[in-house]
Amino acid sequence: MSKIAGRFRQLAEQGRKALIPYVVAGDPTLDATVPLMHRLVAAGADIIELGVPFSDPMAEGPVIQVAHERALAHGTSLRDALALVTEFRRDDSTTPLLLMGYTNPVERMGFAAFADAAAEAGVDALLTVDLPPEEVGLVNLELQRVGMDNIFLVAPTTPQQRIGRITGEASGFVYYVSLKGVTGAGNLDLDAVSAGVAAIRESTELPVAVGFGIKDAASARAVAAIADGVVVGSALVDCVAQAIACGGDQGSAIDAAGDLLQEIRQGIDSIAS
Amino acid sequence: MDEEMTSDTKDGVFAAVPDENGRFGEYGGKFVSETLMSALAELETVYRELAEDPAFQHEIDQDLAHYVGRPSPLYEASRWSDEVGGARIFLKREDLNHTGAHKINNCIGQALLARHMGKKRIIAETGAGQHGVATATIAARLGLECQVFMGEEDVRRQALNVYRMKLLGAQVIPVTSGSRTLKDAMNEAMRDWVTNVDDTFYIIGTVAGPHPYPMLVRDFQCVIGREARAQSLAQAGRLPDALVACVGGGSNAIGLFHPFLKDSDVAMYGVEAGGHGVATSQHAAPLTAGTPGVLHGNRTYLMQDDDGQIMHTHSVSAGLDYPGVGPEHSWLKDIGRVEYVVADDDEALRAFHTLTRVEGIMPALETSHALAYAEKLAASMSSEQMIIVNLSGRGDKDIHTVAQIDGIEF
């Protein structure tokens with residue numbers, strides 16, 4: 001069983017929901033990323049989602065776009081992101097780690113070379129935003145070869161018959177995009193999310209995590225009542241950026257993000273198990 | 001297969017792309033987030049139905065004839081040919097279309113598609129502003145709400161076109177992310193489309209983007225090559241020896257080339273923007289100096305670094321200032337059917353001045369790249385031979401840029 005599947009099973013046995021924070025590798029600096037990841041685990045993260053910066057992040061809203069730009073301004077590459085994972089793994093061998101990014105940096109490195117390097121670094125799964133099941137064949141073969149999960153998005157616009165096609169390629173968990181829009185958008189509709197998650201459950205036993213548009217303890221709590229996991233991205237990235245913009249040092253920015261995640265953890269855990 | 005390659009089977013090779021997955025060989029495809037996949041499938045279904053529908057084709061043909069002013073002339077530039085020496089040069093006058101460039105051919109097709117699909121709002125990306133102006137124009141004509149995404153840097157460089165779009169009732173949205181040029185405008189248009197996919201139609205301006213866009217934009221632009229082929233036979237009694245067109249995303253080039261692909265005696269040259277030279281990083285010539293990768297929904301040649309990040313590009317012409325290229329061009333390069341070459345900023349500027357002075361035709365700076373290469377090509381050919389250059393757009397929009405380079409202030 002993969003580390004991600006194991007973590008979801010363990011949480012299910014405890015009657016708890018997965019909390020999955022997203023941060024961008026190299027944002028605000030390369031030095032800050034690993035301490036930030038450890039702080040998020042201490043604050044209650046079950047799985048870490050590490051964004052790989054890309055020059056053209058088409059699916060991102062403004063908050064995460066500028067995080068990618070900050071990371072790229074000091075040259076953070078896919079190789080750097082993998083080096084950060086290696087560093088993270090020195091002190092944490094158990095927290096599952098998911099890389100999220102865009103196809104081109106992975107393709108440029110080479111799918112086989114990426115799979116080897118990512119597995120070696122301790123990455124457990126890949127989510128490539130712009131690689132739908134129609135295009136994923138070669139990548140999936142390589143991920144399977146090294147035992148990594150491949151995480152796919154299902155959107156509110158995905159027709160029922162297509163969900164089966166996606167879950168047929170997926171492993172680890174299914175990532176449901178809560179809204180039509182980019183990351184960090186504000187139009188979360190809980191009834192629609194509930195229907196979307198139910199539609200996924202009709203075609204797979206895989207756990208379902210929900211992301212896009214979850215920004216605080218209240219929205220996380222509401223979504224956790226519906227799904228198996230909650231992804232929080234823009235709110236955390238923005239929290240770090242705001243702390244630094246207000247004159248804080250890196251350490252206080254990391255603490256601020258940790259405090260926010262802890263509140264969200266408490267929100268999620270407050271639902272009846 | 002052992003069968004001899006007849007002209008019919010060769011036609012088949014070019015007619016068979018893209019395949020059902022939107023692939024031109026290994027290029028093309030649909031590399032987008034899941035939210036857009038069903039919208040792309042719907043667009044493809046509707047387009048394939050309407051492409052077979054004579055009433056829809058008639059609707060397009062009527063607009064092309066009476067609104068755009070087609071067919072555009074095939075004009076023999078004999079004074080220029082004489083000055084250059086060598087082959088006879090003919091110009092396919094897309095600059096005489098309504099709005100001054102080939103872009104309107106595609107916009108009419110896509111806007112009519114949007115209307116058939118019941119979409120009330122259209123969005124577009126634009127670099128130089130030509131596609132934005134063409135989209136705003138057809139939106140005005142059909143009474144559709146229109147928003148155009150344009151990099152902040154291009155808004156500054158192309159103030160005239162920005163104002164034109166506003167006059168036409170469109171809203172121009174400056175894009176401040178990334179390099180603030182065409183590629184970032186396309187990112188932002190995609191983000192808008194993801195958000196408003198139910199009521200919005202995204203009119204992509206070139207033969208790039210996810211399938212089915214490279215196919216349908218090509219189909220709408222093929223009117224250029226169909227006309228040019230018939231005009232060449234009627235006016236010169238023969239097919240041309242060579243075709244020349246500039247390539248940014250590559251829609252005017254594919255429009256001219258595609259109807260000639262099966263004519264194996266017709267050579268084709270796509271001219272990319274050499275900027276300050278392909279030996280520098282200051283250019284926009286992915287086919288000449290790039291490598292395959294994935295951007296804006298398709299696999300194609302890109303200008304990218306070793307980490308797979310998309311590089312900043314440079315060209316004196318905003319319309320060629322793009323790090324990718326339509327996937328069909330990538331395929332045509334690899335199979336050797338089209339030769340891709342470059343003209344740099346200085347060569348393009350010289351050609352701009354030459355054609356203006358010798359023929360009284362002021363070309364767009366994009367087009368000037370094709371003219372610069374055509375000069376060299378013609379000079380290497382005999383007076384028995386002929387070239388058709390796609391005069392893809394007129395140069396009024398570039399007068400400020402040219403004046404600035406010449407050190408003139410208004």
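Trainee: Why does Phe410(B) count as exposed?

Mentor: In this predicted model, Phe410(B) has a relative accessibility of 72%, and because the word exposed is used for values over 50%, Phe410(B) counts as exposed. Phe410(B) lies in the segment after helix 17 (399-405) of chain B.

Trainee: What makes Ile399(B), Ile408(B) and Phe410(B) a nonpolar patch?

Mentor: Nonpolar side chains, Ile and Phe among them, are joined into a patch within 5 Å when their residues have over 30% relative accessible area; Ile399(B), Ile408(B) and Phe410(B) form such a patch on the surface, with about 330 Å² of accessible area together.

Trainee: Why is the pair Asp198(B) and Lys180(A) called a salt bridge?

Mentor: The closest N and O atoms of Asp198(B) and Lys180(A) are 2.7 Å apart, and since a side-chain nitrogen of Lys within 4 Å of a carboxyl oxygen of Asp is what the term requires, the pair forms a salt bridge. Between chain B and chain A the count is six salt bridges, alongside 23 residue pairs in polar contact, both residues being at pLDDT 80 or more. On the side of chain B that touches chain A, helix 9 gives the most, with eight residues.

Trainee: How do you know that chain B and chain A are in contact?

Mentor: Contact asks for heavy atoms within 4.5 Å, and 36 residues of chain B are in contact with 37 residues of chain A. The area buried between the two chains is about 2900 Å², with carbon and sulfur atoms giving 46% of that area. In chain B, Glu34(B), Arg191(B) and Gln309(B) lose the most area to chain A, together 24% of what that side buries.

Notes:
Residues are numbered from 1 along each chain as its sequence is written. Chains are lettered from A and ligands numbered from 1 in the order in which they are written. This is a predicted model: local features need pLDDT of at least 70, side-chain atom pairs count only at pLDDT 80 or more; totals for chains, interfaces and linings use all residues. Side-chain values use heavy atoms; hydrogens and water are left out. Patches are made of residues with over 30% relative accessible area and no salt bridge: like charges are joined within 9 Å, nonpolar side chains (Val, Leu, Ile, Met, Phe, Trp, Tyr) within 5 Å. Accessible areas come from the Shrake-Rupley method with a 1.4 Å probe; for residues, only the protein chains shown count as cover. Helices (H or I, at least four residues) and strands (E, at least two) are DSSP runs, numbered from the N terminus. Buried means under 20% relative accessible area, exposed over 50%, partly exposed in between (1.4 Å probe, protein chains only). Buried area is the accessible area (1.4 Å probe) that two parts lose on being put together, summed over both. A polar contact is a pair of N or O atoms within 3.5 Å; within protein, one must be able to donate a hydrogen and the other to accept it, and residues adjacent in sequence count only if both atoms are side-chain atoms.
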